[in-house]
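Subject: Structure handover, with notes on helix packing and a pocket

Dear colleague,

I am passing on the structure below, and I would be grateful if you read it side by side with the notes that follow.

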Amino acid sequence: MEAVSYEQRDVRRARYAVAAVFAVHGAVTGSFATRVPWIQDHAGVSAGQLGLALAFPALGASLAMPLAGRVSHTFGARNALRGLIALWTLSLVLPALSPNLLTLCAALFVYGATSGMADVAMNALGVEVENRLGRSIMSGLHGMWSAGALIGSAAGTLAAHLGADARLHHLLAAAVLTVLGVAACGWVLDLQPAEDEEPPPRFALPPKSALLIGAVGFCAVFAEGASLDWSAVYLRDELETSAGLAAACTTGFTLTMAVARIAGDKVVDRFGSVRTVRAGGVLAALGGLLIVAAPNPATAMAGFALMGLGIAVVVPLCFAAAGRSGPNPSQAIAGVATITYTSGLVAPSAIGGLAQATSLVVSFGLVTLLACGLAVFAGVLRAGDRDRPKVSRPTDAAVPDPRS
């Protein structure tokens with residue numbers, strides 16, 4: 001991207017704008033998740049068919065994310081994000097309109113593809129802002145995504161409680177979120193490609209640096225997906241708790257991750273990415289051991305809370321490291337995002353399959369081993385720490401592009 005100087009106040013404003021985009025992105029996800037039962041009934045699909053349909057968002061995202069770099073190069077970072085976030089918010093209306101399995105799969109493919117491309121574009125701009133500020137902000141940005149998801153879920157829960165038609169609910173939500181997302185994009189950094197910059201390929205395999213960083217993200221997202229989808233089942237089946245207490249465990253895990261992400265930037269600035277992820281891996285592994293050895297629900301819930309605390313900042317730091325790992329941040333971020341999306345797709349079924357063959361205790365033993373991998377392989381994020389520009393922060397100083 002072309003070197004452009006920005007006043008410090010413009011960079012700070014861009015930070016808040018990107019944070020708002022992250023929140024909008026999360027709100028779409030939360031709005032959709034709460035109305036899945038209504039969508040299932042409307043489309044007339046069985047539980048097995050719904051499971052098949054719900055694989056299509058990850059498939060669409062994995063195929064479309066590598067295209068995000070080309071879109072940003074063609075239209076510029078600001079216009080690309082504005083268009084992609086609008087496509088993502090508007091795609092919310094499609095699943096609820098689907099009358100059968102075939103149209104639902106197609107709708108969810110589009111839903112996932114637009115989600116993935118918007119995800120890459122907003123993370124790339126988040127990394128740019130972080131570089132210009134010279135301090136960590138990616139954990140907080142992902143915390144805003146979690147906050148947006150919680151708000152979207154709360155609104156969806158209310159709509160479901162009132163018996164609202166999901167088509168109307170999602171139409172209204174899409175309209176509001178589109179306006180908010182497009183408006184926020186007006187304040188993000190307007191990065192343009194340099195005149196002599198070669199456009200990225202329309203589709204390319206992730207660079208080697210992204211593969212290593214993505215492997216760390218894979219471990220974290222696998223633990224996240226396993227905990228989100230199976231924590232309540234674990235408490236119910238292994239520890240014989242009530243449905244309410246089991247659900248509270250999942251809620252506690254989600255809240256722990258959201259709070260840790262919002263507070264995580266100060267920890268990263270103090271200790272750096274490598275030590276933060278390494279310590280997080282130790283906490284997550286300790287949480288896994290508590291889950292596996294839990295004699296009672298309280299111990300297991302404490303284990304899931306530690307698991308959430310330990311993995312919360314890993315994915316944001318992987319995106320940040322990817323964005324600093326080579327000459328094409330969007331391509332590297334797309335590579336890491338593809339790997340992490342794949343992990344999120346694989347984790348629930350892998351845990352279920354292993355539990356079917358053995359037990360959920362053994363399944364979470366695997367999760368614990370992967371958490372240990374965070375501590376062992378955290379060093380691959382070191383390049384991002386070392387290359388982070390040391391930017392002075394006077395009130396009105398112009399902040400140049402760190403790659404100029």
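In these notes an axis is a line fitted to C-alpha atoms, for helices over the stretch in contact, and angles run from 0 to 180 degrees between N-to-C directions. Helices (H or I, at least four residues) are DSSP runs, numbered from the N terminus, as are strands (E, at least two). This is a predicted model, in which local features need pLDDT of at least 70 and side-chain atom pairs count only at pLDDT 80 or more, while totals for chains, interfaces and linings use all residues. Residues are numbered from 1 along each chain as its sequence is written, and side-chain values use heavy atoms, with hydrogens and water left out.

Helix packing

Helix α5 (residues 68-75) packs with helix α6 (residues 77-90) at an angle of about 125°, and their axes lie 6 Å apart. The two are therefore oblique to each other, given that angles under 35 degrees count as roughly parallel, over 145 as roughly antiparallel, 65 to 115 as roughly perpendicular and the rest as oblique. In this pair, Val 71, Ser 72 and Phe 75 of α5 meet Ala 77, Asn 79, Ala 80 and Leu 84 of α6, where contact means heavy atoms within 4.5 Å. By class, this contact has 5 nonpolar, 2 polar and no charged residues; Ala, Val, Leu, Ile, Met, Phe, Trp, Tyr, Cys and Pro count as nonpolar, Asp, Glu, Lys and Arg as charged, and the others, Gly among them, as polar.

Helices α1 and α10 (residues 166-185) pack at about 165°, with axes 9 Å apart, and they are therefore roughly antiparallel. The residues of α1 in this contact include Ala 17, Val 24 and Phe 32, and those of α10 include His 169, Leu 177 and Cys 185. Their contact has 12 nonpolar, 4 polar and no charged residues.

The axes of α8 and α15 come within 9 Å and cross at roughly 130°, which makes α8 oblique to α15. Among the residues that make this contact are Asp 119 and Asn 123 of α8 and Ile 333 and Tyr 341 of α15, and by class it has 7 nonpolar, 4 polar and 1 charged residues.

The largest pocket

A pocket is an open set of points on a 1 Å grid over the protein atoms alone, where a 1.4 Å probe fits, with protein on both sides within 12 Å along at least five of seven lines; lining residues have an atom within 4 Å of a point. The largest pocket holds about 1800 Å³ of space, a volume being the space filled by probe spheres set on the points, which are joined across faces, edges and corners. Of its 43 lining residues, the closest to the centre are Thr 29, Trp 145, Glu 224, Leu 228 and Asp 229. The lining divides into 24 nonpolar, 15 polar and 4 charged residues, and α12 gives the most to it, with 7 residues.

With best wishes
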